[in-house]
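This report goes through a structure shown below. It takes the sheets and helices of each chain in turn.

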Amino acid sequence: MLDAMIRARSIAVIGASQTKNAAGGDKLGTVALNYLLAHRYPGKVYPVNPKEAEIRGMPCFASVADVPDEIDLALIAVPAKASVAVMKDCAAKGVKTAVVLASGFGEAGEPELEADLIAAAKEGGVRFCGPNTNGLISIANDMVCCTSMVCAMDDFKKGDIAFLTQSGAVGGSMLGTGTEEQGGFSHWVSVGNEADLQVADYMDYLVDDPQTRVLALFIEGIRDPDKFTAALAKAAKAGKPVVVYKIGLSEVSAAAAASHTGAMVGSDAVFDAVCRKYGVVRVDDASDLLPTAITFSRLLNKLPQGTRMGVIGPSGGICGVCADECHRFGLDVPELSSAAQETLKQFIPPFGALRNPVDVTQQIRATPTGYQDTIRTVLEQDNIDGVFLLVTMVGEPRASFYCDIFTEAARATDKPVIIGWTGAQSLAAQAIPQLKKNQMPIYFSARGAVKAMRALLDYRRFLDARAEDGQ
Amino acid sequence: MTGSLDTARRIIADARAQGARTLSEYDSKQVLAAHGVPVTAEHLADDADGAARAAEKIGYPVVLKGNAPDLAHKTEAGLVEVGLADEAALRDAAARLLSKLPAGGGLLVQEMASGKREFLLGMTRDAQYGPCVTFGLGGIFAEALKDTVLRLTPVSETEALSMMDEIRAAALLGPYRGMPEADRDALARAIAGVSAAAVAHPEIAEIDVNPVIVADGGRPVAVDALVVLTSD
């Protein structure tokens, strides 16, 4: 059913128009059509508008009924009240799925209008996204059915992160910044009012989607908890991590409680318990949502097997910061074996540190391969499960040299490597974008890097515990 | 298990038939004990003579409490007398309590479990995700410190052990200032027992077990308990 929506072969854009709105801008349907064409949708496009004969060089149909083709997806971009009639047309035509963009339904105190929309869709078995949505983008299928400004970006990067958001605005921002981080996406859905399809329905579909390996969710509330937990269980079974940011922490638990326990338990603690049970990666900072999902996407095949971290940096100060963050988040920084330290002694200037953290000193610059040899040696140790590479101030071209050797080292190992780049980014203007393009996990603080490693470890442990329970 | 599941079912059914919203402390503990929660040794009595006979069986010192359904805030109502060292003290306390008891109430004589470390166990039903079990720091500071962890049911004993490690005051469960380590396995059985009670009895809306005292030798014992029934 969702195939017809996410992998639509034909789209009717209903409400696209050559006339401008009152403010002189493009109408919603025109915006959507322009984005659809700009992102080179390969399927068939049918503009529908009774007042137009032609739009963007394409013939325009008076009604969806007139389109001489099957329609997989109707993009309904007319005002709320008109949407119901259009939905009836779609139902009569046998349109399989729809996106209803307009707001002005349940969220605006018009529940009857929303009920009418649902009834109209049900009549013809049309499954739909929205209303009150910015639409959906199937990056994997070059299909942009969306009015969010984020679609003004030249291109999205194809990848394996599916992103579901209950806020179109926040979701659009995050897709934009995530794209700037070179995050790769499979699909993006602004779920809107979830009058028909809910977050859990998309999740259920996406867990089976071969193009999706990581799910990111920005949510406010869950409509059907049983469906949601069933989808989480399915994701856990498939080994596809679900990264969640949920708003509503400040809500007071609505239920009146007779016991002291009841008075102490908030809805957030319950949601936390849900996350724990299903291995959900819950982030407590909205700005961590997509970076975390992106890191999972990059390191899903290299989850750390344990808590033992190698910390490599050019200064005792930054090494100490990272070691402290490891301590804070329950990761260990074990002393390297004496044999390993003997080996490192060949690469690192005498005033460096060899025990772990490994301080290579700024003088490592004087050696042609000292840095590479150090990183490789630490990664090869049996008592090391992952490595942090810390960077302080460094400018080009040295920064790009780091980019190259870090990337090479990370690609050559099956252990996770995360970069903590703490120096000025403007002086590493080639290196940092290139590291992102190389799909290297990179954070701009030691804490960010360590928190990400911790999340990877927790997920690994969740999967291991499931395997042990024979689930 | 010290009580039986049938007893637990009968207690709940009787209370519902009488329109009670909460079980008496005695009945609450019977229900919980049926699911493996360790509770104080205790007996019901109608009068001072009965209380004295019960205290002989339990051994002094004892605690005397008022016992009735829908009886909350016993301490504030002057219905709890602790540290009764002998029969004379017990009879004095019984006389005071009997004058304050609501109609239909009885006396509850129980062992004086002593220990400085107090925890709590609880169960609530979330409207969306169903029964949840809480474990945390108990006693009178519980609500101020809010040092609790929560899990969805069912909670296994293994899961219960992990809950103990997660409270901020986890160190209290280890050997602490000359006190022995708490019996974690027994505590895990108690946590799992609260979970089992929630699953077995949908008529239970909420459970409060506070405090669970870590008594001599590290054994946990539920000193007070409240089972709240659903109102439908």
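## Chain B: helices on the sheet

In this predicted model, helix 2 (residues 25-33) of chain B lies across strand 1, strand 2 and strand 4 (106-111) of chain B, at about 105° to strand 2 of chain B. Helix 3 (residues 48-58) of chain B lies across strand 1, strand 2 and strand 4 of chain B as well, running at about 15° to strand 4 of chain B. Helices (H or I, at least four residues) and strands (E, at least two) are DSSP runs, numbered from the N terminus. Axes are lines fitted to C-alpha atoms, for helices over the stretch in contact, and angles run from 0 to 180 degrees between N-to-C directions.

The sheet under these helices is open, with four antiparallel strands in the order 1-4-2-3. Its edge strands, strand 1 (42-45) and strand 3 (80-84) of chain B, each pair on one side only. From one strand to the next the twist averages 20°. Strand 2 (residues 62-67) and strand 3 of chain B run antiparallel and are joined by three bridges; strands pair if DSSP finds at least two bridges between them. B:Lys65 stands opposite B:Val80 in strand 3 of chain B.

## Chain A: a parallel sheet

Chain A has an open sheet of five strands in the order 2-1-5-6-7, with parallel pairing. Strand 2 (44-48) and strand 7 (127-129) of chain A are the edge strands. Strand 6 (residues 97-100) pairs with strand 7 of chain A over three bridges, and A:Thr97 has A:Arg127 as its bridge partner.

Helix 2 (residues 28-38) of chain A lies across strand 1 (10-14), strand 2 and strand 5 (73-76) of chain A, at about 150° to strand 1 of chain A. Helix 3 of chain A touches strand 1, strand 5 and strand 6 of chain A, and its direction makes about 165° with that of strand 5 of chain A.

## Chain A: two helices in contact

The axes of helix 3 (residues 80-93) and helix 4 (residues 111-124) of chain A come within 7 Å and cross at roughly 10°. The two helices are therefore roughly parallel (angles under 35 degrees). Residues in contact, with C-beta atoms placed from the backbone within 7 Å, include A:Val84 and A:Met87 of helix 3 of chain A and A:Leu117 of helix 4 of chain A.

## Confidence

Chain B averages a pLDDT (the predictor's confidence in each residue, from 0 to 100) of 94, and 99% of the residues score at least 70. The complex has an ipTM of 0.87 and a pTM of 0.92 from the predictor.

Residues are numbered from 1 along each chain as its sequence is written, while chains are lettered from A and ligands numbered from 1 in the order in which they are written. In this predicted model local features need pLDDT of at least 70, side-chain atom pairs count only at pLDDT 80 or more, and totals for chains, interfaces and linings use all residues.

Note on methods: Angles under 35 degrees count as roughly parallel, over 145 as roughly antiparallel, 65 to 115 as roughly perpendicular and the rest as oblique. Two residues are in contact if their C-beta atoms, placed from the backbone, lie within 7 Å.
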